[in-house]
Amino acid sequence: MRPGDELPPLSVPVTRTLIVAGALASRDFQDVHHDAEAARAKGSPDIFMNILTTNGLVGRYITDHFGADATLVRVSIRLGVPNYPGDVLTLSGRVVSVSPAREAGRRAVEVAVTGTNRLGRHVTGTVHVAVPAAAPESPADGGGA
Amino acid sequence: MSDPTAPPLPPSRPLRPEELAGFEGRPAAVSGRARDPVNPPMIRHWCEAMGDRHPAYSGPDPVAPPTMLQAWIMGGLSGHGPRGGRADAYDRLLGLLDRAGYTAVVATDCEQEYLRPLRPGDELTFDAVIETVSPLKHTRLGAGHFVTTRTEIRTAGALVGTHRFRILKYAPRPKPGKAAPGPAADELRPQRPRPVINRDNAGFWEGVAAGQLLIQRCAACAELRFPWLPGCGRCGSPEWTAVRASGAGRVFSYVVMHHPPFPAFDPPYAVGLVELAEGVRMISNLIGTEPGRVRIGMRAELEFLQVDAGLRLPVFRVLPDGADA
């Protein structure tokens with residue numbers, strides 16, 4: 001694992017169910033995340049994904065890749081265009097830096113993450129994740145994608 | 001956050017800086033308490049929604065997905081009530097923005113740091129501060145103010161996570177009617193700003209109207225100058241004549257404008273400092289290639305762009321093939 005390494009992309013179909021389930025699981029009852037009529041009345045063409053769900057998906061993308069022993073340390077995201085039902089969110093990532101092994105035999109990996117849909121860039125962000133220093137050179141496969 | 005039962009609000013008005021001053025650094029929440037302790041059912045609902053199968057989040061001794069941090073302290077359907085610790089300063093700030101017409105809200109940024117895993121049974125408390133309130137910003141959604149808060153989340157007094165959150169409180173743009181995307185919608189389209197034409201630069205704009213790019217030449221020392229000025233920067237003479245530029249030039253420097261999206265402009269676009277063959281430099285739009293492909297040294301050729309019925313501008317078409325010619 002080296003700076004510049006690309007993570008395999010993850011495509012997440014943005015269904016109405018995902019948007020609503022994500023909003024409720026994050027206890028976000030703003031009507032624009034579950035009520036299409038209310039969303040339209042506020043000028044949005046449809047309901048759209050809330051930021052907590054995007055945050056959760058970004059976190060999942062990173063730990064899916066780095067495997068069961070990976071721990072999220074920091075997640076910073078900025079939203080761009082909305083995620084509407086019917087979109088596909090494609091997350092991609094690039095390793096920015098890898099720290100030397102630290103206490104407890106772990107190292108910190110910084111990953112730049114981008115998520116795009118048909119409208120453009122939905123999310124850009126940076127994730128710091130702690131992984132075992134002995135992690136194999138090739139990324140953990142599986143992990144639940 | 002806006003009250004749907006409230007009477008219609010007045011159109012947005014600019015807030016004076018002193019109205020917003022004083023909110024920064026004030027509390028947004030004091031001694032708030034999460035509605036529920038960290039618990040496996042909420043963790044499971046979250047993981048099912050996100051499709052997250054990380055093994056640490058399930059089983060007999062799960063930890064919560066760190067990105068759930070904010071979910072634990074959300075008010076939920078019934079709100080926090082007195083447990084939320086919502087501070088008066090934050091309510092007053094949002095009320096001020098609502099009354100000024102910035103009634104809509106959208107979350108734009110979230111930065112979280114996780115200091116230790118959260119486990120079932122953890123009782124969370126939180127305090128939040130208003131970090132910044134931006135000046136008025138023009139965004140794709142409409143004009144508004146960004147409000148940034150920073151929340152510290154604790155368990156039994158120990159800091160377990162921090163959460164910085166930015167929202168945009170904005171006045172939604174009036175939507176052009178969907179059924180009439182014709183000329184009516186065109187007329188609604190905001191126009192590019194008009195140039196300020198005065199006696200010192202009127203000759204330049206007369207040239208543009210005639211399809212010519214005119215440079216001033218000092219009548220005393222023959223120094224060329226641009227943009228137009230009443231006197232020579234070299235010898236001070238107020239006497240000048242106009243010469244027509246050939247229209248050839250090179251990209252001396254440039255920027256690509258991404259943000260913010262001003263009305264009537266459609267980012268990204270490239271703005272170049274073009275060095276004309278005559279030696280003077282001028283700033284204008286670079287067209288003819290994707291903004292990301294513009295490079296210093298590319299050849300640039302003058303064109304006149306009819307922006308709208310009342311505005312014609314000299315712009316430069318870059319010629320990538322001739323970049324190393």
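Predicted model: local features only at pLDDT ≥ 70, side-chain atom pairs only at ≥ 80, totals over all residues.
Residues are numbered from 1 along each chain as its sequence is written, chains are lettered from A in the order in which they are written, and side-chain values use heavy atoms, with hydrogens and water left out.

With contact taken as heavy atoms within 4.5 Å, 33 residues of chain B touch 32 residues of chain A. The area buried between the two chains, defined as the accessible area (1.4 Å probe) that two parts lose on being put together, summed over both, is about 2,900 Å², of which carbon and sulfur atoms give 56%. On the side of chain B, Met50(B), His54(B) and Thr67(B) lose the most area to chain A, together accounting for 19% of what that side buries.

Polar contacts are pairs of N or O atoms within 3.5 Å; within protein, one atom must be able to donate a hydrogen and the other to accept it, and residues adjacent in sequence count only if both atoms are side-chain atoms. By this rule, 13 residue pairs, both residues at pLDDT 80 or more, are in polar contact across the interface of chain B and chain A. Helices (H or I, at least four residues) and strands (E, at least two) are DSSP runs, numbered from the N terminus, and those giving two or more residues to the side of chain B that touches chain A are α2 (40–50), α3 (69–72), β2 and β6 (158–172) of chain B. Of these, β2(B) gives the most, with 8 residues. Strands are paired where DSSP finds at least two bridges between them; β2 (residues 71–79) of chain A and β2(B) run antiparallel and are joined by 5 bridges, with Val75(A) standing opposite Gln112(B).

A salt bridge is a side-chain nitrogen of Lys or Arg within 4 Å of a carboxyl oxygen of Asp or Glu, and the structure holds 24 of them over all chains. Between chain B and chain A the count is 2, including the one in which the side chains of Asp109(B) and Arg78(A) meet at 2.6 Å, N to O. Within chain A, Arg60(A) and Asp64(A) form a salt bridge at 3.1 Å, N to O; the two residues lie 4 residues apart in helix α3 (residues 51–66) of chain A and are therefore separated by about one helical turn. Residues are called buried under 20% relative accessible area, exposed over 50%, and partly exposed in between (1.4 Å probe, protein chains only); Arg60(A) is buried at 9%, as is Asp64(A) at 7%. In chain B, the side chains of Glu223(B) and Arg234(B) meet in a salt bridge at 3.5 Å, N to O. Glu223(B) is partly exposed, with a relative accessible area of 33%, whereas Arg234(B) is exposed at 58%.

Strand β7 (residues 214–218) of chain B has 4 of its 5 residues buried, so that the strand is largely enclosed by the rest of the structure. It is joined by 5 bridges to the antiparallel strand β9 (residues 240–244) of chain B, where Arg244(B) is the bridge partner of Leu214(B). A further 2 bridges join β7(B) to β8 (residues 224–225) of chain B, also antiparallel.
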